Amino acid sequence: MSEVKIAMMGGEGTGKSALIVRFLTKRFIGEYASNFESIYNKHLCLEGKQLNLVIYDPCSQSQKAKISLTSELHWADGFVIVYDISDRSSFAFAKALIYRIREPQTSHCKRAIEPAVLLVGNKQDLCHVREVGCEEGQKLALDNRCQFCELSAAEQSLEVEMMFIKIIKDILTNFKVKEKRRPSGSKSVAKLINNVFGKRRKSV
Ligand SMILES: Nc1nc2c(ncn2[C@@H]2O[C@H](COP(=O)(O)OP(=O)(O)OP(=O)(O)O)[C@@H](O)[C@H]2O)c(=O)[nH]1
């Protein structure tokens, strides 16, 4: 069974826990504990495949502490970066996180394939006090090879589900690309070994 690991990142109070709880339980409860980090597990079947989904929800901490992302970059297959459309500073922080994930030095951490990233503008129900335009989110995502959506954890259960499905599908596509690359690599190693031992056998 494939394991899919997602890290939820973003500024304080942007709705990371609310999105996870909405996805897992279809409920919005309003207040969520934020003084400890959590790992959620869910079994699901997608496109006929059984998956074990693991979601990491960090505890509330200073933005400076969160920006390093070192352990998350080693651990996660994909990131959901959340900002609050009614809070411009949370968008600036989302941007910093995306730049950190996409910076070239980061790629050596874990992979030859860059992680899937989905940028989420949450709290769309607060559009009357909007500080970040939808097109700004779209542009940030497009410029940095991320998916994008705007939604409301408070009001939109289906959209939240679709958002998680979207990032999971992107991660599965990355797994397939990795899988395709592996056999050709091992084939060339096998060929090399054969050549060496083949030659030796001949000379005996
Ligand atoms: N209006 C509105 N409020 C929301 C929405 N999503 C979350 N909230 C509220 O925003 C506040 C913070 O939500 P959390 O889910 O705790 O946010 P978080 O990002 O996990 O917070 P930290 O762990 O402290 O960083 C709570 O009061 C939620 O009820 C939304 O879609 N609309």
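This is a predicted model: local features need pLDDT of at least 70, side-chain atom pairs count only at pLDDT 80 or more; totals for chains, interfaces and linings use all residues.
Local features were considered at pLDDT of at least 70 and side-chain atom pairs only at pLDDT 80 or more, whereas totals for chains, interfaces and linings use all residues. Residues are numbered from 1 along each chain as its sequence is written, and side-chain values use heavy atoms, with hydrogens and water left out.

Most residues other than glycine have a negative phi. E47 has a positive value, near 50°. E47 sits in the loop that links β2 (38–46) to β3 (49–57). Strands are DSSP runs of E with at least two residues, helices are runs of H or I with at least four, and both are numbered from the N terminus. The relative accessibility of E47 is 58%, so E47 counts as exposed (exposed, over 50% relative accessible area; buried, under 20%; partly exposed, in between; 1.4 Å probe, protein chains only).

K123 also has a positive phi, near 70°. This lysine lies in the loop between β5 (116–122) and α5 (134–143). K123 has a relative accessible area of 22% and is therefore partly exposed.

K5 belongs to strand β1, which spans residues 2–10. K5 is buried, because its relative accessible area is 18%. Contact here means heavy atoms within 4.5 Å. With neighbours within four places in sequence left aside, K5 contacts V54, W75, A76, D77, G78 and I171. I165 lies 160 residues from K5 along the chain, and the C-alpha atoms of the two are separated by 13 Å.
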